[in-house]
Amino acid sequence: MTRVEIDAQSGFCFGVVTAIQKAEEELAKGGTLYCLGDIVHNSREVERLKNMGLVTIDHEELARLHNVRVLLRAHGEPPETYRLARRNGIEIIDATCPVVLKLQKRIRQEYVRDGGKGRQIVIYGKSGHAEVLGLVGQTDGEAIVIETPEEAERLDFTRDIALFSQTTKSLDGFRQITARIQERMAPGAEFRYYDTICRRVANRMPHIRAFAASHGLIFFVSGKKSSNGKMLFEECLKVNPNSHLVDSAAEIEPSLLQGVDSIGICGATSTPKWLMEEIARTVRRMLDHAPGEH
């Protein structure tokens with residue numbers, strides 16, 4: 001009998017849970033509710049909320065709206081979004097994650113401390129990611145975004161550097177970049193770094209490695225846009241090469257289930273629990289109908 005287990009620690013982080021709860025509460029009041037960008041990087045959950053009446057828009061569409069309600073998702077937004085909302089009479093339903101909000105304030109304080117002059121503010125993160133755009137906005141677009149130690153070579157090591165991190169990046173990556181910058185700093189230039197990675201996300205990495213190693217086959221459930229999903233899936237692959245990234249039950253190949261005694265189902269901080277349960281039901285149904293499985 002093949003064992004099928006859903007990882008109890010996988011699924012939405014508290015920031016995403018709060019954003020979705022706010023969306024559902026506002027939708028229950030009636031009227032149109034807009035969301036700036038996908039509320040979560042999972043197409044199935046976005047579709048579920050769309051069916052409840054949530055309308056996803058981009059920044060260009062936001063600029064054309066007046067006197068409406070707009071939800072800001074957990075990733076956060078740059079100051080310009082709030083200024084635009086005030087000009088257009090838009091009611092903001094702010095679901096920015098508290099961890100992200102705190103980081104935005106820290107970066108803003110660092111930037112205004114000396115008027116943004118002299119010190120380079122560097123963010124370890126994925127360029128173009130929604131959270132990173134909100135962080136860079138705190139520096140009026142001056143912050144430098146890097147994602148690898150090699151990209152750190154673009155920095156001017158003769159000038160002071162303050163390094164922060166996107167909340168969902170890996171601790172190992174942050175340490176590597178910190179070490180590279182420390183090696184290259186010129187005498188007299190100051191380097192300060194702040195580990196701003198969310199521990200609720202970072203602590204999932206050792207757990208998901210252990211979970212993936214304990215099963216013969218892993219289905220990692222995640223939307224293709226999720227950077228957290230990409231990072232956690234890579235951790236699964238490191239310890240279990242028989243790991244597969246899926247974002248719906250339709251992507252599961254029955255042939256993968258042959259010859260394994262245990263199947264683990266896990267996911268990203270943007271993966272809804274109901275979707276992992278749907279995958280588990282599909283896997284169990286396939287096992288029940290497989291030759292020799294009774």
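These legends describe close-up views of a predicted model. Local features need pLDDT of at least 70 and side-chain atom pairs count only at pLDDT 80 or more, while totals for chains, interfaces and linings use all residues. Residues are numbered from 1 along each chain as its sequence is written, and side-chain values use heavy atoms, with hydrogens and water left out.

**View 1. The largest cavity.** One cavity of 30 Å³ or more is counted. A cavity is a set of points, on a 1 Å grid over the protein atoms alone, where a 1.4 Å probe fits but cannot get out; lining residues have an atom within 4 Å of a point. The largest cavity holds about 310 Å³. Volume here is the space filled by probe spheres set on the points, which are joined across faces, edges and corners. Its lining has 22 residues, with Cys13, Val16, His75, Thr168 and Thr269 nearest the centre. Two or more lining residues come from each of α1 (14-28), α5 (98-113) and α10 (227-239). Helices are DSSP runs of H or I with at least four residues, strands are E runs of at least two, and both are numbered from the N terminus. α1 gives the most, three residues.

**View 2. The largest pocket.** A pocket is an open set of grid points with protein on both sides within 12 Å along at least five of seven lines. The largest pocket has about 480 Å³ of space. Tyr124, Lys169, Ser170, Met231 and Glu234 lie nearest its centre, among 21 lining residues. α7 and α10 are the elements that give two or more residues to this lining. α10 supplies the largest share, six residues.

**View 3. The second largest pocket.** This pocket has a volume of about 190 Å³. Its lining counts 15 residues, and Arg73, Gly128, His129, Ala130 and Leu133 are the closest to its centre. Helix α6 (residues 130-137) gives the most, three residues.

**View 4. An aromatic cluster.** Tyr124, Phe174, Phe191 and Tyr193 form one aromatic cluster. Rings of Phe, Tyr and Trp (its six-membered ring) pair if their centres lie within 6.5 Å; planes under 30 degrees apart are stacked, over 60 edge-to-face, and the rest tilted. Five aromatic pairs are counted. The Phe191 and Tyr193 ring centres are 5.3 Å apart with planes at 35 degrees, so this pair is tilted.

**View 5. Thr167 and its contacts.** Thr167 sits in the loop between β8 (161-165) and α7 (171-184). Contact means heavy atoms within 4.5 Å. Leaving out residues up to four places away in sequence, Thr167 touches Val99, Val100, Leu103, Glu131, Thr196, Ile197 and Cys198.
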